[in-house]
Structures are given as structure tokens and as C-alpha cells.
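Please read this report alongside the sequence and the 3D view. It takes the sheets, then the loops, then the rings, and ends with the whole chain.

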Amino acid sequence: MLERRELLISMAVVAVVATSGCSPLAADVAAQAPVRGTPGSAGVGDSIFPGAGNGGYDVAHYALDLTVEPKSRAALSGTSTITAKATQNLSRFNLDLSRLTVERVEVDGTTAKFSRKGNELTITPSNPIAKGAKFATVITYHGTPKVLPGLIGGSQDGWIKTDDGAFVMGEPLGAMTWHPVNNTVHDPATYDVAVTVPAGLTGVSNGRYVGKESADFGRNTFRWSNRTQTIPYAATLAVGKFTLETGKTKAGVPIVNAVDPRHHASSRKALEEIPAIIAWGEKLFGPYPVDSAGAIIDHAPKIGAALETIGRPVYGKTPTSTVMAHEYAHQWFGNSVRFSDWSQIWLNEGFATYAMWMWDEERGRATTQEWFDGVYRVPAEDKFWAPVPGKPATAKELFGDPVYYRGAMVLHKVRQAVGDKVFSKILKAWTAEHRNRTAVIEQFISLTEKMSGKPTRKIFDVWLFGKGKPKKP
């Protein structure tokens with residue numbers, strides 16, 4: 001019960017709020033008024049994947065505490081704690097999650113309502129979240145993760161089972177097969193991953209290896225801390241009979257390699273090249289943009305792909321150093337300088353492929369010109385020349401040979417036009433100006449003209465955006 005004096009003060013405050021709103025005390029009362037929020041968007045409008053990602057908030061950190069039992073019906077269980085900041089007054093928000101069953105959701109310690117529709121997990125907190133407020137969402141979930149069906153033809157996207165565990169290749173959208181996520185290149189975050197696995201298996205993720213500790217029921221927990229801003233598809237989890245091998249780059253960056261024993265001998269030579277590849281990349285592209293390095297080499301004979309998961313690329317079999325150079329180039333081109341839309345993927349794959357050609361040249365193998373000439377020999381009537389690498393029209397075109405190899409040809413033509421010294425300066429300027437940011441192709445075209453003083457746009461019009469096989473001058 002209010003005392004009479006307090007009641008009079010309270011009545012006066014209400015009167016001031018209703019009229020002038022100028023009282024400091026009134027401002028405090030007004031600040032406590034309920035937030036009227038609106039729903040965050042269920043998609044960010046990407047031209048290839050318009051429903052991917054979500055609006056209304058910005059994720060700062062994912063803390064994943066997971067248990068993986070490869071032989072269990074529910075192979076994955078755990079909790080995800082997502083720390084984020086509201087970018088609008090938020091009444092509800094979405095996360096992307098495929099197939100897995102959500103048991104409970106809390107927002108800032110209070111149980112929240114949730115619903116599912118397809119890959120959308122919609123969360124309604126007990127009270128709207130004010131714009132600018134930081135909030136924590138804890139999601140408890142379980143299930144049997146699977147690859148995403150039919151997004152990019154026959155390619156595997158997401159959780160890939162192996163004979164002793166699994167690994168994640170999350171490009172383009174497979175991140176949502178193993179944890180709730182804002183699945184867009186526009187929302188990078190840091191990660192802490194703790195993965196508990198049966199004795200005899202090892203759990204691996206990105207970032208620095210924190211250590212191993214014993215858990216209940218004959219299991220072990222492996223902890224990883226990734227402090228580099230990471231887009232969802234560049235995060236990974238792998239479980240198997242790995243051996244962990246440690247080292248350092250010449251600059252002191254810690255290296256942790258996780259190798260399936262069946263590839264231990266065959267991978268030795270390639271893994272020893274990691275410090276040299278990173279040092280070579282720093283010479284050409286600028287400072288290494290990740291706080292860790294290494295590789296995950298699993299045994300998946302039917303998976304020929306590799307993925308540039310941040311600092312620790314994933315391979316389904318023993319890679320060559322040429323392939324490793326491609327994936328490490330992505331640490332600059334794709335993981336640090338990020339495209340703004342999936343249709344701009346040439347900024348990732350064209351650059352990483354040309355870097356691979358440059359690495360081969362550095363190592364005394366095929367020169368960049370020999371690579372170029374070999375690709376140019378593809379007949380004009382071949383379907384290779386049909387898609388436009390600068391603007392893939394469908395998801396199936398994203399990871400086709402034209403984006404990679406014709407994409408690399410574009411950079412070779414630019415290099416020939418501006419000269420080696422200027423080309424090197426362009427690459428370093430590009431990675432410096434857009435470090436940990438998104439970019440578009442038009443910005444790179446403008447940069448080449450600005451730094452070279454030459455009209456390079458015609459090269460891009462013909463080789464990147466032109467239809468059919470260009471005439472070789």
C-alpha cells in the first residue's frame with residue numbers, strides 16, 4: 001500500500017507524463033513502458049536463397065554444448081546459447097533449423113513460445129525486446145541430422161555421415177542441419193563449441209583447441225574456441241577416430257590437424273605445406289585473417305569435395321597441396337571478404353581458383369598461363385561456356401565449373417592488363433579495405449580501374465558477364 005505522500009507524487013507523475021513529459025521522474029516512468037515490437041523477417045531476401053537468414057537481430061556469439069552419439073537413433077543432442085542484439089523493437093524472431101526437434105526455448109532466462117514451419121524456428125519471448133538490447137536465447141534440441149535435399153544438385157550440404165561418425169560441410173545452407181542459426185553471410189559471429197563423444201572418438205570444430213576432459217558414461221568432451229568472426233557455412237563440426245596433431249605457422253598461429261588414421265601417411269606431405277601456404281598467402285594477399293589454422297581430413301571416399309571452413313578446412317580424403325591452397329585462399333576471399341549475395345560467389349570461387357593456379361606456378365608446376373590455356377581449349381559449343389560466372393541464375397550454377405575456372409580466367413586477364421606489381425597491390429588493397437565485411441563485384445571492378453588507371457571494365461564485361469566463349473585476343 002502506498003503512503004499518502006507517495007500516492008500524490010505518483011499522481012503528479014502521471015499528470016506530467018500526460019502533458020509535458022518534461023519531468024526526469026516522468027522520463028523514468030516512460031522508459032519502463034512496455035515495448036511494442038514487430039516480428040523480425042523470416043529471410044533476408046538473397047537473390048538465390050531469399051528465405052535464408054532472418055532479420056531483426058544481430059548474433060554476436062554461439063555457444064554450443066553438444067553430445068554426438070553416432071550409433072544412436074538421436075545422433076545429436078545439446079543446447080545452443082545465442083547471444084544477440086535486437087536491431088528493432090522485436091516481438092518475435094526466427095532462426096533457421098532443419099529437421100532437428102526443439103525441446104525448450106528460453107529468452108533471457110524465461111521460457112519462450114516457439115513454433116516450427118519447414119526450416120523456420122519462430123520464437124516469441126514473453127515480452128518484446130527493445131531495439132539495441134542484448135539478449136540470450138537458449139535452445140535445447142536433439143535429433144538425427146541429415147544433408148539438405150536438392151539445393152545444389154548432387155552436392156552434399158550439411159551433416160555428412162561417415163563409417164565412424166560425421167562431419168559438416170555447410171555451404172551454402174547446411175549450417176542449419178546441426179544447430180539453430182541465423183543462416184546468412186550478413187551475420188557472422190564467434191563460436192564456442194563443446195562436443196561430447198564416446199571414448200575412442202574425437203570431436204573437432206573451428207578455432208583454438210581448448211582441451212579434452214572426461215565426461216560421464218565413458219565419454220570425453222572436446223572444447224574449441226573460435227574468436228574470428230565466422231559466417232555460418234564456414235563453421236564445422238566433425239566426429240570420428242581422429243588423431244590431433246599440433247604445430248604453429250611461422251607467425252605463431254596455432255595449427256591443429258585432425259586426421260583419420262587411414263589418411264595419416266598419405267596426408268603427411270600436404271599437411272606439412274600449411275605454414276608455407278599461409279606465408280605465401282600473406283605475401284600476396286595481406287595478413288592472415290584467422291586466429292587458427294589446420295585441417296580436418298576425414299574418410300569419405302564418395303565425397304570428393306573440400307570446404308573452406310574457417311581456419312581448418314574440411315576434406316573428405318587426402319588433399320593435394322593445390323587443393324589446400326584453394327581452401328586457404330578462401331580464408332581471405334570468402335571468409336574474411338564476404339560476398340553480399342549468393343549471386344556474387346565469383347568473389348569467392350574465382351579468386352580462390354586463381355590463387356590455386358598461382359600456387360602451382362609458385363611450386364614449379366603448371367603456370368597460370370598454362371592453366372588458362374587448358375581451360376580455353378574447351379570447345380565453344382560445350383555447356384561450360386553457357387552460364388555467366390559473374391551472376392549465377394540458379395542454385396545449381398553456384399558451384400559449377402564456369403564460376404571457378406572461367407572465373408579464374410577473368411583475374412588472369414586483369415593481371416595481364418595491369419601488370420604483376422599493380423595486380424598484387426589490388427589484391428592486398430581488396431582484402432584490407434573489406435576485411436570482415438561484405439562486398440560486391442562492382443567494388444572490385446572500380447578498384448582495378450582506380451589502382452591501375454586503365455579501363456578494365458571491358459575485361460569484366462567480356463570474361464565475367466559475357467555469354468558464350470570469349471574471343472582470345
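This is a predicted model: local features need pLDDT of at least 70, side-chain atom pairs count only at pLDDT 80 or more; totals for chains, interfaces and linings use all residues.

## A four-stranded sheet

Four strands form an open sheet in the order β9-β10-β15-β12, and their pairing is antiparallel. The edge strands are β9 (158–161) and β12 (202–204), each of which pairs on one side only. From one strand to the next, the twist averages 25 degrees. β12 pairs with strand β15 (residues 238–240) over three bridges, in the antiparallel sense. In this pairing, Gly203 stands opposite Val239 in β15.

Some terms need their cut-offs. Strands are DSSP runs of E with at least two residues, helices are runs of H or I with at least four residues, and both are numbered from the N terminus. Two strands pair if DSSP finds at least two bridges between them. Residues are numbered from 1 along each chain as its sequence is written, and side-chain values use heavy atoms, with hydrogens and water left out.

## A five-stranded sheet

Another open sheet has five strands, in the order β16-β17-β18-β20-β19. Its pairing is mixed. β16 (243–248) and β19 (306–307) stand at the edges with a single partner strand each, so one side of each has no neighbour in the sheet.

β19 and strand β20 (residues 314–315) run antiparallel and are joined by two bridges. Leu307 stands opposite Val314 in β20. Strands of a sheet pair through backbone hydrogen bonds, either parallel or antiparallel.

## Backbone details in loops

Pro172 sits in the loop between β10 (166–169) and β11 (189–198).

Asp108 is not a glycine, yet it has a positive phi of about 50 degrees. Asp108 is in the loop between β4 (101–107) and β5 (110–111). Its relative accessible area is 48%, so Asp108 is partly exposed. Phe217 also is not a glycine, and its positive phi is about 60 degrees. The loop between β13 (208–214) and β14 (219–230) holds Phe217. With a relative accessible area of 75%, Phe217 is exposed. The scale is simple: buried means under 20% relative accessible area, exposed means over 50%, and partly exposed is in between (1.4 Å probe, protein chains only).

## Aromatic rings

The structure holds 30 aromatic pairs. One of them joins Trp346 and Phe351, edge-to-face, at 5.0 Å centre to centre and 70 degrees between the planes. Trp346 and Phe351 are both buried. Rings of Phe, Tyr and Trp (its six-membered ring) pair if their centres lie within 6.5 Å; planes under 30 degrees apart count as stacked, over 60 as edge-to-face and the rest as tilted. Ring pairs also link a cluster, whose members include Trp280, Tyr328, Trp346, Phe351, Trp430 and Phe460.

The rings of Tyr376 and Trp463 form a tilted pair, because their centres are 6.3 Å apart and their planes are at 45 degrees. This pair links distant parts of the chain: Tyr376 is in helix α7 (residues 368–376) and Trp463 in helix α11 (residues 457–463), 87 residues apart. Tyr376 and Trp463 are buried. Lys469 lies over the face of Tyr376, at 4.2 Å from the ring centre. A charge sits over a ring if NZ of Lys or CZ of Arg is within 6 Å of the ring centre and within 35 degrees of the ring normal.

## Across the chain

Asp382 lies in the loop between α7 and α8 (401–418). Asp382 is partly exposed, with a relative accessible area of 34%.

The protein has 11 helices and 22 strands. Of its 473 residues, 53% count as buried. The C-alpha trace spans about 90 × 60 × 40 Å along its principal axes. Among contacts (heavy atoms within 4.5 Å) between residues at least 6 apart in sequence, 67% join residues at least 24 apart.

Technical notes. Axes are lines fitted to C-alpha atoms, for helices over the stretch in contact, and angles run from 0 to 180 degrees between N-to-C directions.
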